[in-house]
Amino acid sequence: LHARGVLNREQVATGFLALLEALDDICIDTPNAAPLLAHFLADAVLDGFLSASVMDNLWPVELKSMPQVAAILAEVQTRISGRQPVGGSTVGVQTLRTRLRAVISEYFRSHDVSEVRRRLVELQVPADAQHELVRCSVELSMEHQNHERELVCQLLSDLADEPLTPREITKGF
C-alpha cells in the first residue's frame with residue numbers, strides 16, 4: 001500500500017505502533033505474532049517504507065522498554081545490520097523490485113524460464129534478496145488473471161532449489 005501511494009510513511013509507522021501496543025493481546029490468539037511482526041517491521045525498514053530512526057524517535061520509551069517489544073526491536077536491528085549483499089549487486093530494494101517486475105512481466109509474454117534465469121544472473125540479485133523474486137512474482141500475478149498465476153507457479157517450481165532455496169521461497173511469501 002505504501003508503494004502504491006495509498007499509505008505514507010507516517011501511517012505505516014502508526015500501524016506498526018498500534019500492533020506493538022496491542023502485542024500482548026495479539027499473542028494470545030497468535031502465539032508466533034512477535035517474530036512475524038519483527039520480520040515485517042524489518043522488511044518495512046529494508047524496503048524503505050520506514051526509516052530506522054522511526055523506531056528510536058517516534059515510538060514511546062515505555063513501549064520500547066516492554067520485554068516483548070524490546071526483543072522484537074532487537075531482532076529488527078539484527079536483521080537490518082546483518083543485511084549484506086553477498087556476491088551481487090548493491091542496488092536498492094525498490095530498484096531491484098522494479099527490475100524483477102520487468103523480468104516477470106516479460107516472462108508472462110514469453111513463458112521462457114531460461115530467459116528468467118539469464119536475467120537473474122545479469123541483474124546480480126544478492127543472495128539475501130532472492131526472496132524478492134518470489135514476492136514480486138506473487139504480487140504481479142495477483143494483479144493479473146489465472147493464466148499468469150499458473151505461470152508464476154510453474155516459474156517458482158522451475159526455479160526451486162536453483163537459484164531459489166526453500167528458505168527463500170518461504171521468505172518471499
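Colleague: How many helices and strands does the secondary structure of the protein come to?

Modeller: The secondary structure comes to 11 helices and 0 strands, where helices (H or I, at least four residues) and strands (E, at least two) are DSSP runs numbered from the N terminus. Read along the sequence, the pattern is α-α-α-α-α-α-α-α-α-α-α. This is a predicted model, in which local features need pLDDT of at least 70 and side-chain atom pairs count only at pLDDT 80 or more, while totals for chains, interfaces and linings use all residues. Residues are numbered from 1 along each chain as its sequence is written, and side-chain values use heavy atoms, with hydrogens and water left out.

Colleague: Is Cys-136 buried or exposed?

Modeller: Buried means under 20% relative accessible area, exposed over 50%, and partly exposed in between, with a 1.4 Å probe and protein chains only. Cys-136 counts as buried because its relative accessibility is 0%, whereas Cys-153, with a relative accessible area of 52%, is exposed. Across the protein, buried residues make up 37% of the 173 residues.

Colleague: How many disulfides does the count come to?

Modeller: A disulfide is a covalent bond between the sulfur atoms of two cysteines. The rule used here asks for a pair of cysteine sulfur atoms within 2.5 Å, and by this rule the count is 0 disulfides.

Colleague: Where is the place of Gln-124?

Modeller: Gln-124 sits in the loop between α8 (113-123) and α9 (131-142), and Gln-124 is partly exposed because its relative accessible area is 47%. Although Gln-124 and Leu-96 are 28 residues apart in sequence, their C-alpha atoms are 9.7 Å apart in space.
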